[in-house]
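Here are some notes for reading alongside the structure. Please keep the sequence open while going through the points.

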Amino acid sequence: MTLTATTPQNLAATSAGPLAGRWGPKLWAILFVAGLAMFLDALDVSMVGVALPSIGQDLGLDTSALQWIVNGYILGYGGLLLLGGRAADLLGRRQVFLTALVVFGIASLVGGIVDEGWLLIATRIVKGIAAAFTAPAALSIVTTTFKEGPDRNKALSIFTIFGATGYASGLIVSGLLTGIDWRLTFYMPVAVVALVLVAAYIVVPRNIEKEEGRIDFTGAALLTGGMLAAVYTIVTAPETGFTTTVIATTVLAVGLLGAFFVTEKRVSHPLVRLSIFKVTSIVRANLAALAIFGSYLSFQTIVSLYLQNTLQWEPLQMALAMAPAGIIVAVLSPMAGKLIDRFGTAPMIIAALGSFVAGYVWFLVRGGSPDPAYAVDYLPAFLLLGLGFALGFSAVMSQATEGIADHEQGLASGLVQTSFQIGGAVVLAIATGLIGHAATDGIAGYRPGLYLVTAVAAIGLVASATAIRGRRQIIAEVA
């Protein structure tokens with residue numbers, strides 16, 4: 001076991017059985033601190049999404065450059081999440097969590113000061129790298145503190161509430177702050193970091209044991225370099241065609257990612273134990289994560305650009321329009337744990353992806369109305385997306401970490417969060433390439449990107465539905 005006998009989990013286990021459904025103040029405090037990290041990440045993502053058009057106007061950045069403000073964060077985040085998860089297992093979750101929070105806060109502060117687009121993107125990459133260590137540390141703190149089953153499902157559903165609250169708060173706060181100065185959206189997270197740091201220093205146990213092993217820095221470098229080269233190729237190719245540079249980055253991406261898998265098979269302490277992919281539930285969870293975040297992040301970016309650049313909505317107006325998605329997640333997420341206990345993770349994920357597909361289709365059909373009525377043309381789509389997150393996020397997290405030993409919870413947590421971020425980076429890169437300079441073309445200029453996000457969610461839905469159907473067939477044959 002990763003936790004020692006003096007941690008809240010084992011205190012509860014000693015006094016009342018394995019948690020026995022009763023959580024003491026220490027357990028709630030640990031969950032609260034871990035949830036604040038989730039809140040911070042969601043807050044940052046939604047605030048930047050609203051601020052993108054204002055940033056572009058102020059710094060003279062076009063759509064393809066703007067997407068790097070989002071993707072720079074995602075690439076730093078997704079490229080090093082596995083390293084972050086492994087570091088949390090080996091170096092101690094508390095130490096990794098606190099150190100990465102400090103880096104996150106400094107990068108956010110610097111991002112609000114710079115005046116050059118490339119410098120802003122650089123700070124976003126650093127910020128993403130920091131989040132790559134805070135996120136798996138926070139999630140593995142939750143999954144190793146709460147026993148697998150109803151207690152962990154309940155904890156993860158509450159963990160999701162923090163993300164939903166951060167997302168909804170980020171939309172509204174960014175709408176208000178961007179109307180004054182978009183730089184305030186970079187200063188705001190610094191205050192949240194200070195709060196989380198103080199709370200984590202007090203609450204997160206000091207005596208979490210460190211696992212034995214070494215960190216695979218070679219694997220981390222190969223994975224991050226391969227992802228950067230791949231996304232650069234995806235972003236650049238639609239605009240320039242297959243130039244010498246694009247061909248070179250394509251070859252580089254294939255070579256680095258291929259070398260990553262070869263390295264992971266040979267090193268004694270791999271960044272990713274490849275045999276973990278033999279667990280089919282983990283594979284399904286990661287595919288669902290790719291589809292969910294890949295489609296949604298691109299949708300949010302497209303809608304933000306469409307409403308503000310094409311329809312000339314104010315940032316606050318746009319933020320309030322999308323806020324119901326976050327609110328419905330916050331309202332429904334407390335029920336997710338009980339639903340998972342009753343129906344299992346697979347049906348929940350299928351229902352979630354179905355809700356995403358329905359939301360995207362609704363916006364495709366109604367969102368381009370020349371005289372849109374919000375309650376009819378936009379609100380149903382946003383509510384369906386909120387429902388998708390409420391049903392799917394906890395289910396994906398639970399499925400991705402169930403059956404995994406405590407000493408690999410950081411790896412499993414990092415893996416599923418990597419899938420979320422890789423999906424976001426790759427799909428967003430393709431979507432921005434498809435929409436190009438769409439502001440002057442009305443909704444028609446954005447439709448290719450909307451078709452893409454709908455297709456990604458639909459593919460995820462089919463894959464999940466096929467998996468559960470195959471499982472039922474196997475069960476029937478065994479019976």
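1. Which residues in H12 meet which residues in H14? This is a predicted model. In it, Ala-336, Leu-339 and Ile-340 of H12 meet Ala-390, Leu-391, Ser-394, Ala-395 and Ser-398 of H14. The residues of this contact divide into six nonpolar and two polar, with no charged ones.

2. Two packed helices are described by the angle between their axes and by the distance between the axes. For H12 (residues 336-343) and H14 (residues 374-401), the angle is about 65° and the axes are 9 Å apart. The crossing of H12 past H14 is right-handed.

3. A search of the whole structure finds four salt bridges. One of them joins Arg-124 to Asp-44, with the closest N and O atoms 2.7 Å apart. Arg-124 lies in helix H5 (residues 117-145) and Asp-44 in helix H2 (residues 25-59), so the pair ties together parts that are 80 residues apart in sequence. Arg-124 and Asp-44 are both buried.

4. Asp-44 also forms a salt bridge with Lys-127, and here the closest N and O atoms are 2.4 Å apart. Because Asp-44 is in H2 and Lys-127 in H5, this pair links parts 83 residues apart in sequence. Asp-44 and Lys-127 are both buried.

5. Another salt bridge is formed by the side chains of Asp-115 and Arg-183, at 2.6 Å from N to O. Asp-115 lies in the loop between H4 and H5, and Arg-183 in the loop between H6 and H7, so the pair ties together parts 68 residues apart in sequence. Are these two residues buried or exposed? Asp-115 counts as exposed, at 55% relative accessibility, whereas Arg-183 is buried, with a relative accessible area of 13%.

Technical notes. Residues are numbered from 1 along each chain as its sequence is written. This is a predicted model: local features need pLDDT of at least 70, side-chain atom pairs count only at pLDDT 80 or more; totals for chains, interfaces and linings use all residues. Side-chain values use heavy atoms; hydrogens and water are left out. Axes are lines fitted to C-alpha atoms, for helices over the stretch in contact, and angles run from 0 to 180 degrees between N-to-C directions. Helices (H or I, at least four residues) and strands (E, at least two) are DSSP runs, numbered from the N terminus. A crossing is left-handed if the near helix is turned anticlockwise from the far one by less than a right angle, and right-handed if clockwise. Contact means heavy atoms within 4.5 Å. Ala, Val, Leu, Ile, Met, Phe, Trp, Tyr, Cys and Pro count as nonpolar, Asp, Glu, Lys and Arg as charged, and the others, Gly among them, as polar. Buried means under 20% relative accessible area, exposed over 50%, partly exposed in between (1.4 Å probe, protein chains only).
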